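Here's a quick tour for someone meeting this structure for the first time. Have a look at the picture, then read on.

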Amino acid sequence: MLEYGIEIQQRLANGILGGPFQCDFSITLNSVLYEISIEQMVIRKTIISTNESVELDDLIVVFNKLDMLIMLGEGQFIPIEKAWIIKNGKSIESKELDSKIAMRLNLFNSCDFTTGNHSKFLSFDQYIDDNVFLKWIKMLEELDIVHPMVLYSMADTGMPIDCKTAFIIESFESLAELLKSIISHLLSLLINAVNHYYKSVFVL
């Protein structure tokens with residue numbers, strides 16, 4: 001644990017989390033080095049810390065993106081039970097942090113049909129490391145609003161099912177457009193590579 005950061009404790013509303021699982025890595029974002037530690041045994045404890053004096057919102061953003069990545073393997077968001085800020089290497093209570101967590105978007109509240117172990121197919125320690133997390137952050141930027149739309153369709157928001165279905169359809173239309181641009185870029189790279197190979201082999 002470094003000098004500044006946040007500590008988040010998560011627990012299932014009904015049941016217990018498996019374990020023991022642990023994952024430790026570090027990443028650099030905007031020239032700031034973050035150390036990330038996730039431990040799970042009955043409950044989950046995530047610590048995101050740094051030696052830089054960063055904004056609380058920046059730490060919460062890192063945690064939210066990590067929580068979204070873990071959700072890919074588990075199929076649901078685990079409710080936050082408690083949270084602390086880290087100051088001078090010590091975890092202390094913070095009303096400001098509690099308030100910000102209480103105002104998290106509804107997309108982090110998983111619907112009943114997603115809860116339970118039937119949704120899980122991977123534990124976070126099986127696939128998350130610094131490389132995967134950095135690629136995930138970049139992918140979230142490329143997906144823009146598409147990923148939140150999918151999450152809202154799986155969240156406990158009180159939204160009618162026909163609206164959720166519309167969200168899903170619209171998000172996949174946007175995803176298709178994104179894939180088209182990616183495939184087009186890959187084809188362009190492939191054509192350039194073939195042309196370069198052709199010239200180097202067949203042109204004297």
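A polar contact here is a pair of N or O atoms within 3.5 Å; within protein, one must be able to donate a hydrogen and the other to accept it, and residues adjacent in sequence count only if both atoms are side-chain atoms. What you're looking at is a predicted model, so local features need pLDDT of at least 70 and side-chain atom pairs count only at pLDDT 80 or more, while totals for chains, interfaces and linings use all residues. Residues are numbered from 1 along each chain as its sequence is written, and side-chain values use heavy atoms, with hydrogens and water left out.

**Around Gln-40**

- Gln-40 sits in strand S3, residues 32–50 (strands are DSSP runs of E with at least two residues, helices are runs of H or I with at least four, and both are numbered from the N terminus).
- With 3% relative accessibility, Gln-40 counts as buried (under 20% relative accessible area; exposed is over 50% and partly exposed in between, using a 1.4 Å probe and protein chains only).
- Its side chain reaches the backbone oxygen of Gly-18 at 3.0 Å.
- The side chains of Gln-40 and Arg-44 are joined by a polar contact of 2.7 Å.

- Helix H1 (residues 56–74) packs with helix H3 (residues 130–143) at about 100 degrees, and their axes are 10 Å apart (axes are lines fitted to C-alpha atoms, for helices over the stretch in contact, and angles run from 0 to 180 degrees between N-to-C directions).
- That makes H1 and H3 roughly perpendicular to each other (65 to 115 degrees).

**Aromatic pairs**

- There are 3 aromatic pairs (rings of Phe, Tyr and Trp, the last by its six-membered ring, with centres within 6.5 Å; planes under 30 degrees apart count as stacked, over 60 as edge-to-face and the rest as tilted).
- Phe-21 and Phe-124 have ring centres 6.3 Å apart and planes at 85 degrees, so this pair is edge-to-face.
- Phe-21 is in strand S2 and Phe-124 in the loop between H2 and H3, so the pair ties together parts 103 residues apart in sequence.
- Phe-21 is partly exposed at 22% relative accessibility, whereas Phe-124 is buried at 0%.
- Phe-25 and Phe-133 also pair edge-to-face, at 6.0 Å centre to centre and 70 degrees between the planes.
- That pair links strand S2 with helix H3, 108 residues apart, and both Phe-25 and Phe-133 are buried.

Definitions and conventions. Angles under 35 degrees count as roughly parallel, over 145 as roughly antiparallel, 65 to 115 as roughly perpendicular and the rest as oblique.
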